[in-house]
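Please study the structure shown below before reading on. The paragraphs that follow lead through its sheet and then turn to its ligand.

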Amino acid sequence: MRDDPSRRNAPALALHVPQPRFRPGDQPDFSHLVIPPAGTAARPDEACAPADTHPLCTSLVRVLDDDGRAVGPWDPKLGAETLRRMLRDMQIVRAYDDRMYRAQRQGKTSFYMKSTGEEAVAVCATHALDRGDMCFPTYRQQGILVARGYPLLEMMNQVYSNRGDKLHGRQLPVMYSSPEYGFFTISGNLGTQLPQAVGWAMASAIKGETAIAAAWTGEGATAEGDFHAAAIFAAVYRAPVILNVVNNQWAISSFSGLAGAENATFAARAIGYGIAGLRVDGNDALAVYAATRWAADRARANAGPTLIEHFTYRAEGHSTSDDPTGYRPKGEGEGWPLGDPVARLKAHLVGLGEWDDARDAAQLEEVARPHRQAPLHPPQSRSC
Ligand SMILES: Cc1ncc(C[n+]2csc(CCOP(=O)(O)OP(=O)(O)O)c2C)c(N)n1
Ligand SMILES: [Mg+2]
């Protein structure tokens, strides 16, 4: 109380309200970010004590260097076929996103959300999981469905809420669901998928099965109580689950500082829960793959859950309802120091002699084609 005479000289209490570094009109500059060179992060054994991973919660696991070479102990040493498949899946996601964004602008659907710049987080993690593992995504992991070969036509049917929509228009566009493809129904209520994933993983263990669960959340939604409920259950029971935090710097117009990023990394939350944690270059396809495989192997060995922070950048607006020029500088993403995940994987393949510009151009043309051919209202009749 300011009137209390015994506290007359005490400073008035005040709150700290985090502010983003740059607003529209400012020149973005990411030089404050500490980006360790690729290949420098240590790779502990998958069955290590959680504390052995904790130095990695404030560092960054990176495999692809500036010249597109794979370096260091986290190099997953994937064959060219897998690398090309991951590149192709990321290119499909990007082409599909562009197409659906335009469809919304043409009035064919009410709403769409792109994952531009974050394609590796969903696509490469899925390639590192087993087909039977259960995924609990947000609206920005359409790459999981693409990586598992879910038909794009079914995805479009859902976005258009047309007669072919398996969900009969009962879900907001982009909130897909496919039990057959191990893709848990997306919920608009942020964070709910996290305790659900942990519960699914615990059930898998209780039944003595071998499938694990993986959940994704944006960094903004880690401020929800559900994140913490999920983490404590996962930690206490050593549930076979991977908790992915996709730190794309923004939660609609709120910057990551409002979810705690000024104080600690998101990966560092693993330290408080006493579980394994990794902080990963989310624009590095090989680092995402390697970290996910590490965490999956750890879960399968009953060594406990892993929290992975994917450090990335939301290159476009939050959704078709958003205009990011109202709260961040135009072109901020172009200065993002971790580059573009698709371009980086392409450069790696080219460097290996396993890809070239001509093949890339042909593939880009090809992945755009199915969208053009897809009928807007396919002739299937509804089953109910
Ligand atoms: C419980 C809840 N609170 C708020 C919202 C509104 N909302 C939808 S998306 C979003 C931002 C989420 O940001 P983040 O978790 O960082 O994920 P990103 O969109 O960046 O992938 C908010 C606040 C919601 N859908 N559910
Ligand atoms: Mg975010």
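In what order do the five strands of the open sheet lie? In this predicted model, the order is β1-β2-β3-β7-β6, and the strands pair in parallel. Strands β1 (134-136) and β6 (276-281) stand at the edges; each has a single partner strand, so one side of each is left without a neighbour in the sheet. From one strand to the next, the twist averages 20 degrees. Helix α9 (residues 285-300) packs on this sheet and touches β3, β6 and β7 (306-311). The direction of α9 makes about 165 degrees with that of β6.

Strands of a sheet pair through backbone hydrogen bonds, in either a parallel or an antiparallel manner. Strand β3 (residues 241-247) runs parallel to β2 (residues 213-218), and six bridges join the two. Within this pairing, Ala214 has Ile242 of β3 as its bridge partner, and Thr217 stands opposite Val245. Strand β3 also pairs with β7 in the parallel sense, over six bridges; here Leu243 stands opposite Leu307. Together, β2, helix α7 (residues 225-237) and β3 make a right-handed β-α-β unit.

The ligand remains to be considered. Of the 17 residues around ligand 1, Leu190, Gly218, Gly220, Ala221 and Ala251 come nearest. The shell around ligand 1 comprises six nonpolar, seven polar and four charged residues.

Technical notes. Residues numbered from 1 in each chain as written. Chains lettered and ligands numbered in written order. Predicted model: local features only at pLDDT ≥ 70, side-chain atom pairs only at ≥ 80, totals over all residues. Near = placed C-beta within 6 Å. Nonpolar A, V, L, I, M, F, W, Y, C, P; charged D, E, K, R; others polar. Pairing = 2+ DSSP bridges. Helix = DSSP H or I, 4+ residues; strand = E, 2+ residues; numbered from the N terminus. Axes fitted to C-alpha atoms, helices over the stretch in contact; angles between N-to-C directions. Contact = placed C-beta atoms within 7 Å. Right-handed = clockwise from strand over helix to strand, strands pointing away.
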